[in-house]
Amino acid sequence: MAIPELALRVATVMALRGRTLVGANVFDEPFDPIHDALDGGAEGGGQPVIAVFTSLTVAKVMGNDYLAAERDIELTIQTYLPDNVVLPGGLKVDTRNSGAKLIMDLIERQVERVLLIDQTPWARMRQQLQFCLHEVKSASFIVETQSDLRVAARETVFKIDTIAAPNFGTPLGSPWDEFIVLLQADAHLAPLAAVISAEITGPDAAPDWQIAQAALGTLYNVPKALGINTGLDLPVEDTVEVDEIAIVNEDGGGIVVDDGSIVTEDD
């Protein structure tokens, strides 16, 4: 689950940057998200801030299919306001009083636009990662600092079912290949691209049959019962080339399949 959760959070941060009244002040799980929203002294100078977090994740697993489980990820978007915000056109809104709700509503509308219909590469990537949106909860609150400053804030929690996690030791498929390309294109995120790519495609000590077992979500002893766990684990020089396979029914009938056979549903 970690890869879809990480990708959803990063894509949300990158999709929101520069697309709302917050500007570029969108951060991935900051330690102190209200720091940049403070007044900055008598002259003011604080900035609106969006902080993106992921918290609770619940996976509803069928059998042992952990990678493809239906997963509910709680993605939280918190917005913090300075003492005033200047709207396009020059209108200055005091957010320490009644203006806070106005600004919060505008920012929330802009966030909705980004998440639903925006056409930037990161927004489109995020839309691919989201399989289903189950619930949205929004609440406004006030943060009081030790210096008696009151910072207006809003928290919106999205309960999201993401796409399945990528399998282990496999080539990058869509949309993970696109996600890696977007990471590589950003100077700060480029080092992360190699790490995530290696986690998906890198060599693994597990044999092929066990990687397939994890992808299918079968019990550990199923490959053994099918007789495929040992052959796939043999060195190449010890394997035997098979020219044909006979499929026999209980009544003695059946078919023989070789490299020239064409098998249809009727067969």
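Visitor: Which residue in strand 7 stands opposite Ile73?

Guide: This is a predicted model, where local features need pLDDT of at least 70, side-chain atom pairs count only at pLDDT 80 or more, and totals for chains, interfaces and linings use all residues. Residues are numbered from 1 along each chain as its sequence is written, and side-chain values use heavy atoms, without hydrogens and water. Strand 3 and strand 7 pair (at least two DSSP bridges) in the antiparallel sense. In strand 7, the residue opposite Ile73 is Ile160.

Visitor: How many bridges join strand 6 and strand 7?

Guide: Helices (H or I, at least four residues) and strands (E, at least two) are DSSP runs numbered from the N terminus. Strand 6 covers residues 130-144, and here Lys137 stands opposite Val157 in strand 7. The two strands pair in the antiparallel sense, and their bridges number 13.

Visitor: How many of the 13 residues of strand 7 are buried?

Guide: Buried means under 20% relative accessible area, exposed over 50%, and partly exposed in between (1.4 Å probe, protein chains only). Strand 7 is largely enclosed by the rest of the structure, because its buried residues number ten.

Visitor: How do the axes of helix 2 and helix 3 lie, and what is their crossing angle?

Guide: Axes are lines fitted to C-alpha atoms, for helices over the stretch in contact (heavy atoms within 4.5 Å), with angles from 0 to 180 degrees between N-to-C directions. These two come within 8 Å of each other, crossing at roughly 75°.
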